[in-house]
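The questions below go through one structure and its contacts. Each is answered in a few sentences.

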2 protein chains.
Amino acid sequence: MENREISKAVITRLPRYYRYLGELLESGVERISSNELSTRMKVTASQIRQDLNNFGGFGQQGYGYNVKYLYTEIGKILGIDRQHNLIIIGAGNLGQAIANYANFEKRGFIIKGMFDINPRLIGLVVRGIEIRGVDDLEQFIKDNDVQMAALTIPKTKAPEIADRLVNAGIKAIWNFAHVDLNVPDDVVVENVHLSESLMRLSYRVCSMQDRKKEEERKARGES
Amino acid sequence: MENREISKAVITRLPRYYRYLGELLESGVERISSNELSTRMKVTASQIRQDLNNFGGFGQQGYGYNVKYLYTEIGKILGIDRQHNLIIIGAGNLGQAIANYANFEKRGFIIKGMFDINPRLIGLVVRGIEIRGVDDLEQFIKDNDVQMAALTIPKTKAPEIADRLVNAGIKAIWNFAHVDLNVPDDVVVENVHLSESLMRLSYRVCSMQDRKKEEERKARGES
């Protein structure tokens, strides 16, 4: 499995399959056909078959997919069967929102520590995790075998902290700071740029409005 | 401009161009060539030319792009030159993080109200915005000419609230709840599924590790 190359587009869709399969499991569904899954997920059945064929032999003709098996296998591919030790840099609202999201832990993401530079936050405890200053960041990463860091700090501070994280051995950065980070090839960065997401929403609602106005104008016989 | 069809892939990239152009503007850069922009953004120059050609005539051969003009035009395309009245449903950490993000307001996203069902939050004030109960949600949307809603509530409550929002005239939902919403065709939804993003990070760091192990195994002469 590890040697198989899976396209980026498929990988992007896997977490969504994982979510739907998890919901099916919770509601006691054992088998599902690509057609049923297609209706639920609003993806074509052929897309589903194509995507899931990447992992070979999950589905059987006329029999459907074994939900639990597929859920488990996709979980393995996504690395959710392993434990990931995580720290959160930035203990503001966003950092605390992440710390409070219990589901992450269920999926193997263990929050080992939280850090901030704001003296008013240092020493506070969020969901059993004490907020620390960044002075002992490197030591903490070593002592707690941390590989992942969520970066929920302003963009001005992010590049400097990212450098420190990388030097201390962090291999994965979940970056919420609104800046692109420069990291070595063996470090992965997943960006969550909220304002870019909001702009895409704005674009879509505006072009919808413009299209509507245009249609109304045409309906009134104006050119 | 409004009639031109721009591909989804280009739209997805526009907010990033907008961010880089904004940073250039702030640092006083008036013109930039596609080659320079390419180096900064780590995108090929031909990709940049192709993307920006969609909007016609921004760049001039041997002269570069006018940063301010391009910034303004992309802003218009993204609808950032208009005012968007926004409410936030869910005043927990994530909702408060959004309310506290001052940059949104600078880009025309005006937060008119915050709502929650938790009685301990109702009545509190975040950045000058009072948290309200959801009882008067529909009336508030009408009174304040709200078109957009950020949904930062648990997935169990999200579909019901989304229905109420749509019935009250909301045209755009920024959905942080971990569920796909069913909305009519004239309502747009932009999803931010944080746990899916974290799983993509997990996948990428795991496949990096596996690849490394494989290489080490080969280097040791094992097959």
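Q: Which elements do the buried residues of α4(A) pack against?
A: This is a predicted model, in which local features need pLDDT of at least 70 and side-chain atom pairs count only at pLDDT 80 or more, while totals for chains, interfaces and linings use all residues; side-chain values use heavy atoms, with hydrogens and water left out. Residues are numbered from 1 along each chain as its sequence is written, and chains are lettered from A and ligands numbered from 1 in the order in which they are written. Helix α4 of chain A spans residues 67–77, and A:Val67, A:Leu70, A:Glu73, A:Ile74, A:Gly75 and A:Ile77 are buried in it (buried means under 20% relative accessible area, exposed over 50%, partly exposed in between, with a 1.4 Å probe and protein chains only; helices are DSSP runs of H or I with at least four residues, strands are runs of E with at least two, numbered from the N terminus). Their packing partners are α1, β1 (31–32), α3 (45–53) and β3 (64–66) of chain A, together with α9 (194–219) of chain B.

Q: Which residue has a side-chain oxygen that reaches the backbone nitrogen of A:Lys68 at the start of α4(A)?
A: At the other end, α4(A) is followed by A:Gly79, whose phi is positive, near 80 degrees. At the start of the helix, the side-chain oxygen comes to within 3.1 Å of the backbone nitrogen of A:Lys68, and it belongs to A:Asn66.

Q: How far apart are the side chains of A:Lys76 and A:Glu73 in their salt bridge, N to O?
A: Being three residues apart in helix α4 of chain A, the two are separated by about one helical turn. A:Lys76 is partly exposed at 42% relative accessibility, whereas A:Glu73 is buried at 10%. Their side chains meet in a salt bridge (a side-chain nitrogen of Lys or Arg within 4 Å of a carboxyl oxygen of Asp or Glu), with an N to O distance of 3.1 Å.

Q: What is the relation between chain A and chain B?
A: Chain A is superposed on chain B by a rotation of 180 degrees with 0.0 Å of shift along its axis, at an RMSD of 0.0 Å (least squares on the C-alpha atoms of residues with pLDDT of at least 70 in both copies). That is the relation of a two-fold axis.

Q: Which residue of chain A comes closest to the rotation axis?
A: The distance is taken at the C-alpha atom and is 2.4 Å. The residue is A:Asn93.

Q: What area is buried between chain A and chain B?
A: In terms of contact (heavy atoms within 4.5 Å), 63 residues of chain A meet 64 residues of chain B. In chain A, A:Leu198, A:Met199 and A:Tyr203 lose the most area to chain B, together 11% of what that side buries. Carbon and sulfur atoms give 59% of the buried area (the accessible area, with a 1.4 Å probe, that two parts lose on being put together, summed over both), and the total is about 6,100 Å².

Q: Which element gives the largest share of the side of chain A that touches chain B?
A: Across the interface of chain A and chain B there are 16 salt bridges by the rule. The elements giving two or more residues to the side of chain A are α1 (8–26), α5 (93–99), β9 (172–175), β10 (188–191) and α9 (194–219). The largest share is 18 residues, from α9(A).

Q: Which residue of chain A meets B:Glu196 in a salt bridge?
A: The pair crosses between chains, from helix α9 of chain B to helix α1 of chain A. The N to O distance is 3.0 Å, and the partner is A:Arg19.

Q: What does A:Glu196 touch, not counting residues up to four places away in sequence?
A: A:Glu196 lies in helix α9 of chain A and is buried, with a relative accessible area of 7%. The residues touched are A:His178, B:Pro15, B:Arg16 and B:Arg19.

Terms used
Polar contact = N/O pair within 3.5 Å; in protein donor to acceptor, adjacent residues only side chain to side chain.
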